[in-house]
Amino acid sequence: MSADNRAAHLPNGAASATLYLSRHGQTVWHRENRYAGSSDIDLTAAGHLQAELLARWARWARPDVLYCSPMRRARDTADPVAAAIGREPVIDPELREVHFGVAEGRTIGEIRSEQPEVVARFEADPADGHFPDAEPPSAAAARGAFALRRIAADNPGRRVLIVAHNTLIRLSLCHLVGIPISNYRKVLPVLDNGTLTTLTLTGDPGMPAALLSFNVPLEAALIST
């Protein structure tokens with residue numbers, strides 16, 4: 001029995017879904033370490049290459065279903081995958097990235113130079129000290145986790161590829177595996193563009209999520225195939 005098949009059946013017999021979470025390809029703002037959040041930013045050439053690598057992986061892995069954030073950078077990453085596997089993505093608005101308020105379009109250094117107290121609060125506790133006018137991380141974590149539970153409930157025993165976003169994925173994982181939201185930047189400090197994170201999950205909030213891998217580069221995922 002394969003690792004995926006072993007993971008897809010919990011001890012009580014309830015079928016779980018295997019979720020492959022992919023962070024979208026690189027954009028200009030991500031290359032410059034700017035907070036993109038709810039802003040719609042185009043992929044760079046490197047981002048389009050990452051989308052093609054994801055499509056190449058999907059052509060081999062053959063996920064049963066493809067879900068995608070409605071944001072343009074996520075849809076542009078998912079489009080080559082859809083063409084490769086012959087499945088249109090399900091656009092799910094709950095998979096959108098967190099809105100970063102005053103940080104949108106700015107680097108942490110730019111914010112620090114103008115509002116050092118804002119950065120100090122954020123670095124001390126990114127949950128309670130989130131950027132002004134931003135979506136509260138606790139709300140985003142609950143939103144993302146609920147969406148992943150719902151997707152798992154709709155796809156028991158299936159393999160689902162989900163193209164989404166850096167902070168939403170990390171917050172959702174913390175919510176699902178019981179990591180305090182205030183520690184998300186310490187426990188899960190890096191989620192690169194064009195990577196895969198794998199977990200198994202059911203729609204039952206009483207059942208634990210199993211995090212199988214995190215932040216795996218697509219090049220490594222392709223070599224393993």
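The model is predicted, so local features need pLDDT of at least 70 and side-chain atom pairs count only at pLDDT 80 or more, while totals for chains, interfaces and linings use all residues. Residues are numbered from 1 along each chain as its sequence is written, and side-chain values use heavy atoms, leaving out hydrogens and water.

**Strand β1**

- Helices (H or I, at least four residues) and strands (E, at least two) are DSSP runs, numbered from the N terminus.
- Seven of the seven residues of β1 (residues 17–23) are buried, so this strand is largely enclosed by the rest of the structure; buried means under 20% relative accessible area, with a 1.4 Å probe and protein chains only.
- Both faces are covered, with Ala17, Leu19, Leu21 and Arg23 buried on one side and Thr18, Tyr20 and Ser22 on the other.
- Two strands pair if DSSP finds at least two bridges between them.
- With β5 (residues 195–201), β1 pairs in the antiparallel sense over six bridges, and here Ala17 stands opposite Leu201.
- With β4 (residues 159–164), β1 pairs in the parallel sense over six bridges, and here Thr18 has Arg159 as its bridge partner.

**Nonpolar cores**

- A nonpolar core is a set of buried Ala, Val, Leu, Ile, Met, Phe, Trp, Tyr and Cys residues joined through side-chain atoms within 4.5 Å.
- The largest one has 39 residues, and those with the most contacts inside it include Leu19, Leu21 and Phe131.
- Among the elements that give two or more residues to this core are β1, β4, β5 and α7 (137–154).
- Helix α7 gives the most to this core, with seven residues.
- A second, separate core of 21 residues includes Tyr20, Ala84, Ile85 and Leu222.

**Helix α4**

- This helix (residues 72–85) has 14 residues and reaches 20 Å from its first C-alpha to its last, close to the 20 Å expected at 1.5 Å a residue; the expected span is 1.5 Å times one less than the number of residues.
- At Ala78, α4 bends by about 25°, and Pro80 follows within four residues; the bend is the angle between axes fitted to the seven residues ending there and the seven starting there.
- Buried residues of α4 include Arg73, Ala78, Ala84 and Ile85.
- After α4 comes Gly86, whose phi is positive, near 70°.

**Cysteines**

- Zero disulfides are found in the whole structure; a disulfide is a pair of cysteine sulfur atoms within 2.5 Å.
- Cys68 counts as buried because its relative accessibility is 0%.
- Cys174 also counts as buried, at 1% relative accessibility.

How values were computed:
Buried < 20%, exposed > 50% of the residue type's maximum accessible area, 1.4 Å probe, protein only.
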